[in-house]
Amino acid sequence: LAAFAAATDGFQVATSESARRLQVLRSPSPLPDAALGFADGRGTRLHADLAADGRIVVLDFIYTRCETLCTVLGSDFQRLQREIRARGLENRVRLLSLSFDPVHDTPPVLAERARLLRADSALWQFASVPDARELQDLLRAAGIVVIADGLGGYVHNAALHVVAPDARLVRIRDLGEVDQVLHDAARATP
């Protein structure tokens, strides 16, 4: 029993992913900086974008040709966008969808995805990370695993990441946990 308690961090976690999420909750970790190419054609770096905006960011990792997890993420972000407006959080929380497929997900492709999902650019932006090394560092820090499927797509995991303006990852939530994400974001607001 003592060994099981030690292995599960006092019976709090059952998987390595649960342990990682608990560690992020206990000690928010900085995300690495990366160049971003936005759907509107502008470019900046992640840290500069977060700091300049000043709002908490709910971040997801997508690719536009995905018809599985990314569709669910899109639905979650549509709901988040509605709830941010309904709760009057527009000045405190925003959404950022980052593509891990920069070769295909060019600014025009990202702009079309934003249009299809009715993303309000004041609340929800789309970007990609064109530098492969910076992308891998960012995916690793966020706990996102992306594997080419051999058919031109990817197999990947997904989560909703709450990120502070100082680029610290403060919480990771599962798909569908929209209310919890908004609660986390409101609590993390500087």
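## Overall picture

Of the 190 residues in the protein, 45% are buried, where buried means under 20% relative accessible area, exposed means over 50%, and partly exposed covers what lies in between, with a 1.4 Å probe and protein chains only. The model is a predicted one, in which local features need pLDDT of at least 70 and side-chain atom pairs count only at pLDDT 80 or more, while totals for chains, interfaces and linings use all residues. Residues are numbered from 1 along each chain as its sequence is written, and side-chain values use heavy atoms, with hydrogens and water left out.

The protein contains seven helices and ten strands; these are DSSP runs numbered from the N terminus, with helices (H or I) of at least four residues and strands (E) of at least two. Among the contacts in the protein with a separation of 6 or more, 68% are between residues 24 or more positions apart, a contact being heavy atoms within 4.5 Å.

## Two helices that cross

Two packed helices are described by the angle between their axes and the distance between the axes. Helix α4 (residues 69-86) and helix α7 (residues 178-188) have axes that come within 10 Å and cross at roughly 50°. Here the axes are lines fitted to C-alpha atoms, for helices over the stretch in contact, and the angles run from 0 to 180 degrees between N-to-C directions. This angle makes α4 oblique to α7, because angles under 35 degrees count as roughly parallel, over 145 as roughly antiparallel, 65 to 115 as roughly perpendicular and the rest as oblique.

On the α4 side the contact is made by D76, R79, L80, E83 and I84, and on the α7 side by V178, D179, V181 and L182. These contact residues divide into five nonpolar, no polar and four charged, where Ala, Val, Leu, Ile, Met, Phe, Trp, Tyr, Cys and Pro count as nonpolar, Asp, Glu, Lys and Arg as charged, and the others, Gly among them, as polar.

## Salt bridges

The structure holds 19 salt bridges, each defined as a side-chain nitrogen of Lys or Arg within 4 Å of a carboxyl oxygen of Asp or Glu. One of them joins D33 to R45, with the closest N and O atoms 3.2 Å apart. D33 lies in the loop between β1 (29-30) and β2 (35-38), while R45 belongs to strand β3 (residues 43-45), so the pair ties together parts that are twelve residues apart in sequence. D33 is partly exposed at 26% relative accessibility, and R45 is likewise partly exposed, at 32%.

Another salt bridge forms between the side chains of R42 and D49, at 4.0 Å from N to O; R42 is partly exposed, with a relative accessible area of 33%, whereas D49 is buried at 8%. Salt bridges that share partners join D40, R42, D49, D53, R55 and R94 into one network. The side chains of R173 and E177 also meet in a salt bridge, at 3.8 Å from N to O, and R173 is buried, with a relative accessible area of 15%.

## Positive phi angles in two loops

R118 is not a glycine, yet it has a positive phi of about 55°. This residue sits in the loop between α5 (107-116) and β6 (124-128), and R118 counts as exposed at 69% relative accessibility.

A167, which is not a glycine either, has a positive phi of about 70°. Its place is in the loop between β9 (160-163) and β10 (168-173), where A167 counts as buried at 0% relative accessibility.

A51 lies in helix α3 (residues 46-53) and is exposed, with a relative accessible area of 52%. Although A51 and D166 are 115 residues apart along the chain, their C-alpha atoms are separated by 6.0 Å.

R65 is found in the loop between β4 (56-62) and α4, and R65 is partly exposed, with a relative accessible area of 34%. R65 and D101 are 36 residues apart in sequence, and from C-alpha to C-alpha they are 9.3 Å apart in space. When neighbours within four places in sequence are left aside, R65 is in contact with D101, H104, G152 and Y154.
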